[in-house]
Amino acid sequence: MTMISALLLPGIARGQTAKFRIGCALPLTGVFGRDGNLVKDAYAYWADTINAKGGITIKGKNYPVELLFFDDKSDQAESAKLVERLATFEKVDLILGGFGSDSVFAASAITEKYKYPMVSGGASSNKLFERGFKYYFSTLGKATEEVRGCVEIADMLNPRPKTAAIIGSDVLFTSLAAEGYKSYLKKLNIELVYSELFPLSLDDYNSLLFKVKQKNPDMLLVGSHLVVALKVMKALKEVDFMPKMVAFSYGPTVPDFIKSLGKDAEYVIAAAEWAPNLKYKDAVFGTARQLNEAYFKKYGRYPDYVEVASIGGALTEQWAIEKLGLVPPLKEADRVRIMEELYKMDVMTVYGRIKFGPDGANVEHPPIAVQVQNGKLVTVFPKDAAEKPVWYPAKAWKERKQ
Amino acid sequence: MEGEKAVVALLLQALVTGLLMGGVYAAYSSGFSLIFGVMNIVNIFHGELIMIGAFTTYWLFTLYHVDPFLTLPVSILSASLLGYVIQRFLINRVVEAPPMMSYLCTFGIHLILANLALLAWSADFRTVTTSYSGEGFSVGPITVPLARLATFGIAIVTTFAIYWFLEKNRHGKAIRAASQDKEMARLVGIDIRKVYALTFALGAGITGMAGGLISTYFVIYPQMGLPYTITAFCVVVLGGMGYIPGALVGGLLLGIIQSLTATYLTSGLSVAITFILLFIILILKPQGIMGRGAVE
């Protein structure tokens, strides 16, 4: 009996001080299940790092962090419901951002209502920032801007690509990525020879990619999440087509991409917002390189940029609490002050500089592009951050050695 | 002239792609039709049988480097064993109850299997990438992916094998007898429960094999099942519920129509067309386009 009560009421039983209870609704299953689990790992990494030092330090006293994860099953209505539960039933101190623009769109409407500041590192659709919300922040850039590197890299290529095709799944984030591609292509005067959005439930990608093959574009730009990126690569090989350059808005930076496709992943370019070779650092996690290695030690894999963006988001809330000297349990008035503090913040983190604009978007986020070279992700854009020159043009499937 | 050639090439390619995709549909739908035809059960965990077959191939390939095609017997075995056990101990109890009971039962099993797989294997997306993955050959301007061609061939062989088995073989005849008239079959000494379990094992086995086949060109994950169940349902309604060659015809037809739609209209419409066809067939020709399906 004593044991059970000790488990149920650890704080009281062991006479500890209060802790920060922080909740989050994430897609742990369903179509974004893999991506959501990455963000979960990232938050757990942040909490474990903080707790290893005793917790968040307020006026010399340590308050550990306790995380509550709920599975929204990649469903936006479910996400909103779970966040409402976190706010009203669980009465958590803070709510962290989930994954996927549709889910975060729904969930952030609830956090706005209950005045919970939400900093997301896993959603970037422009629509998120066009609602006049005060409590929604994002460490990622806007979806249309995230893909800038994937197009502007064209200026570094020889011969410079002349034509491009855009395909993408017809959901919020990926259709915006497609829109972004389109606008940067226009700026660079590259001809768009084909463009099509398709539903996520599409079974067969071959017919679609045969059409693209017939147009024979120099660049293929894809608005994607992980599973779409995998399907497009599989189909490209089946229809025996490899444009000079293929780029994805999201997917290849998730470790499963290279693991699943092996050598077929070579040459693929992806948009990213963080890479371990960038000169970013903070007092909690050290340099980008150090975080990268420590992460590998814990999880046996390197972090994806969305994970580091999520860690950056959690950090901003932690620093706001520390600066304001708030102790748990946080009240509504405290959360309002955190929101105000976030707007004033201009900090350097392991994820890079974070400064939120009036619409909550991170205004300091240089987009980068990475490429799969010899089974590893290598930063290839912008030029001053590039680890290695970009491989171009991509070899045709038949010319590749197995 | 050049332009004309390209137009013809695109049409031929669309037809070939559709035909091969149709083979894939047929491969994973005939088991669904068999189970419905004999037991009158709409098996909602059909997609999970595909998933089990696909993961069997995946693990044998990943852990022991067994060629995906050599893993097929194991995929058949694991899915049919699972099918047999579930039929014997769960579905047999509701098989003669009103249809709603079997819907609920198979829906429950769908949830259990999908979530157990999720616990065991996590939500990761996986694919089987072999040295010959995505390889194919060209006939003029037409590209034919090998793995899909193999699936297509296997789908045709399986369909005819099952058809032959039901028409000519003694056990097959017992299965048909049981599906046509339960009481009469019982009177002549056929053990209905055994027949049902056997049918389920057979249907699950060919479905598991299809799972193993698709793992080489599709992305697999624990929750992949339900969309496959829905497509199988459409294919089988199209070809005629319970009529085995109907799954082949329905699959090929759906594949070709989808591919033509995706090529000449949009990919979005190719998904919608599946359900439009389903409605048209259900209203105008509920026995399926061949007119041989079972209708309640």
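Helices and strands are DSSP runs, a helix (H or I) having at least four residues and a strand (E) at least two, numbered from the N terminus. The legends below refer to a predicted model.

**View 1. The loop of chain B that holds B:His65.** In chain B, B:His65 is placed in the loop between α2 (46-64) and α3 (68-94), and its phi is near 55°, a positive value in a residue other than glycine. B:His65 counts as exposed because 8 C-beta neighbours lie inside 10 Å, the limit for that class being 12 or fewer.

**View 2. A positive phi at A:Asn374.** Although A:Asn374 is not a glycine, its phi is positive, at about 50°. The residue is found in the loop between β17 (368-373) and β18 of chain A, and, with 9 C-beta neighbours inside 10 Å, it counts as exposed. Most residues other than glycine have a negative phi, and most peptide bonds are trans.

**View 3. Two cis peptide bonds of chain A.** The bond from A:Asn158 to A:Pro159 is cis, with omega near -5°, and A:Pro159 is found in the loop between α7 (148-152) and β8 (163-169) of chain A. A cis bond also leads from A:Tyr392 to A:Pro393, where omega is near -10°; A:Pro393 lies in the segment after β18 (376-381) of chain A.

View 4. A:Pro217 lies in the loop between α9 (206-215) and β10 (219-223) of chain A, and it is buried because 24 other C-beta atoms lie within 10 Å, where 20 or more are required. Leaving aside residues up to four places away in sequence, A:Pro217 touches A:Thr163, A:Ala164, A:Ala165, A:Val193, A:Tyr194, A:Val212 and A:Pro243. The C-alpha atoms of A:Pro217 and A:Pro161 are separated by 8.6 Å, although the two residues are 56 residues apart along the chain.

**View 5. The hairpin of β15 and β16 in chain A.** Strand β15 (residues 346-349) and strand β16 (residues 352-355) of chain A pair in the antiparallel sense over four bridges, forming a hairpin with two residues between the strands. Within this pairing, A:Asp346 stands opposite A:Lys355 in β16(A).

**View 6. The crossing of α9 and α11 in chain B.** The axes of helix α9 (residues 225-239) and helix α11 (residues 267-284) of chain B come within 9 Å and cross at roughly 40°, which makes α9(B) oblique to α11(B). The crossing in which α9(B) passes α11(B) is left-handed. B:Thr231, B:Cys234, B:Val237 and B:Leu238 in α9(B) meet residues of α11(B), among them B:Leu277, B:Leu278 and B:Ile281.

Note on methods. Residues are numbered from 1 along each chain as its sequence is written. Chains are lettered from A and ligands numbered from 1 in the order in which they are written. This is a predicted model: local features need pLDDT of at least 70, side-chain atom pairs count only at pLDDT 80 or more; totals for chains, interfaces and linings use all residues. Two strands pair if DSSP finds at least two bridges between them. Two residues are in contact if their C-beta atoms, placed from the backbone, lie within 7 Å. Axes are lines fitted to C-alpha atoms, for helices over the stretch in contact, and angles run from 0 to 180 degrees between N-to-C directions. Angles under 35 degrees count as roughly parallel, over 145 as roughly antiparallel, 65 to 115 as roughly perpendicular and the rest as oblique. A crossing is left-handed if the near helix is turned anticlockwise from the far one by less than a right angle, and right-handed if clockwise.
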